Amino acid sequence: MTGHRTDQGAAAEMALTREWFYPFELPDGRKTRMYIPDDMATIHETRLTMIFSVLDAMFANQWPQATALDVACHEGYFAINLARRGCRDVLGIDIRKENVEGAELMRSVYGLSNLRLDERDVLSLEPAEYGHFDVVLMLGLLYHLENPIKAIRVARAHTGRICLIETQIAPNLSGIVEWGSYRNPKQIIGTFALVDESTEIAHRNREANTSSISLVPSLEALLAIMRAVGFSRVEVVPPPVKGNEQLVYGKRVLVAGYVD
């Protein structure tokens, strides 16, 4: 037991020597330094509040039996919070090796035996390999992808009960398009905005896409796709009144997809 505490202590000291994307509070109360401005960092607390406003209502007395998958877990902040909540088994995956290494260090800091980590591309995930999870998180990922629809399909394929998707959203376009002929109009039910992330990639931004083309969905598009891939119920989670401005003013959203 003493050796375990020593290992956690050494990991904590190592964590304090670097900067992080998240404001981790260590077991002794000290906090990690972040490399993003404080006003931007409020998004982490707001996301956490919104996520657990939904999950605690569902799993209040069931956390010891619950399983969770955090897709694009970055440094493991939300996966760690699920594991510390008492979730029986949490798997965090991320495409970037340095993110997974950071998450592994934080797992050691907190001594979490119920947290697993893997370096994977979300689009390569198959339920036959990992199975289904009661909870699936996909936070801050969708708008950094060339193929967001496939990512939502992957999330649905792994969801046993609920999937929470948080993303930047684009303005919606309404109206009709001619579908081969003016005699066959189609109603627009949602749109995507094309964004170039080549500058972010050149600066090795770990929060950016791994390729330059990203498609950002409108809220209408996101809701329509989640229903189309098989979520039986889809709901926008309301943000706290004093939360991060992006979520409060609808520039970003957290959407819950249920499997009933």
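Trainee: Where does F24 lie?

Mentor: In this predicted model, F24 lies in the loop that runs between β1 (19-20) and β2 (33-34).

Trainee: Why is F24 counted as buried?

Mentor: The relative accessibility of F24 is 1%, and buried means under 20% relative accessible area, so F24 counts as buried.

Trainee: Which residues does F24 touch, not counting residues up to four places away in sequence?

Mentor: F24 touches R30, K31 and T32, and also E75, Y77, I80, M106 and Y110.

Trainee: Why is R120 called buried?

Mentor: R120 has a relative accessible area of 18%; since the cut-off for buried is under 20%, R120 is therefore buried. Its place is in the loop between β5 (115-119) and α5 (127-130).

Trainee: What makes the pair R120 and Y130 a polar contact?

Mentor: The side chains of R120 and Y130 are joined at 3.3 Å, and the limit for such a pair of N or O atoms is within 3.5 Å, so the pair qualifies as a polar contact. Leaving aside residues up to four places away in sequence, R120 touches Y130 as well as I93, D94, I95, L125 and E129.

Trainee: Which residues of helix α8 are buried, and what covers them?

Mentor: In α8 (residues 219-228), the buried residues are A221, L222, L223, I225 and M226. Their cover includes α6 (148-158) together with the strands β7 (159-168), β10 (192-196), β11 (213-217), β12 (233-236) and β13 (252-258). Just after α8, G230 takes a positive phi of about 120 degrees.

Methods. Residues are numbered from 1 along each chain as its sequence is written. This is a predicted model: local features need pLDDT of at least 70, side-chain atom pairs count only at pLDDT 80 or more; totals for chains, interfaces and linings use all residues. Side-chain values use heavy atoms; hydrogens and water are left out. Helices (H or I, at least four residues) and strands (E, at least two) are DSSP runs, numbered from the N terminus. Buried means under 20% relative accessible area, exposed over 50%, partly exposed in between (1.4 Å probe, protein chains only). A polar contact is a pair of N or O atoms within 3.5 Å; within protein, one must be able to donate a hydrogen and the other to accept it, and residues adjacent in sequence count only if both atoms are side-chain atoms. Contact means heavy atoms within 4.5 Å.
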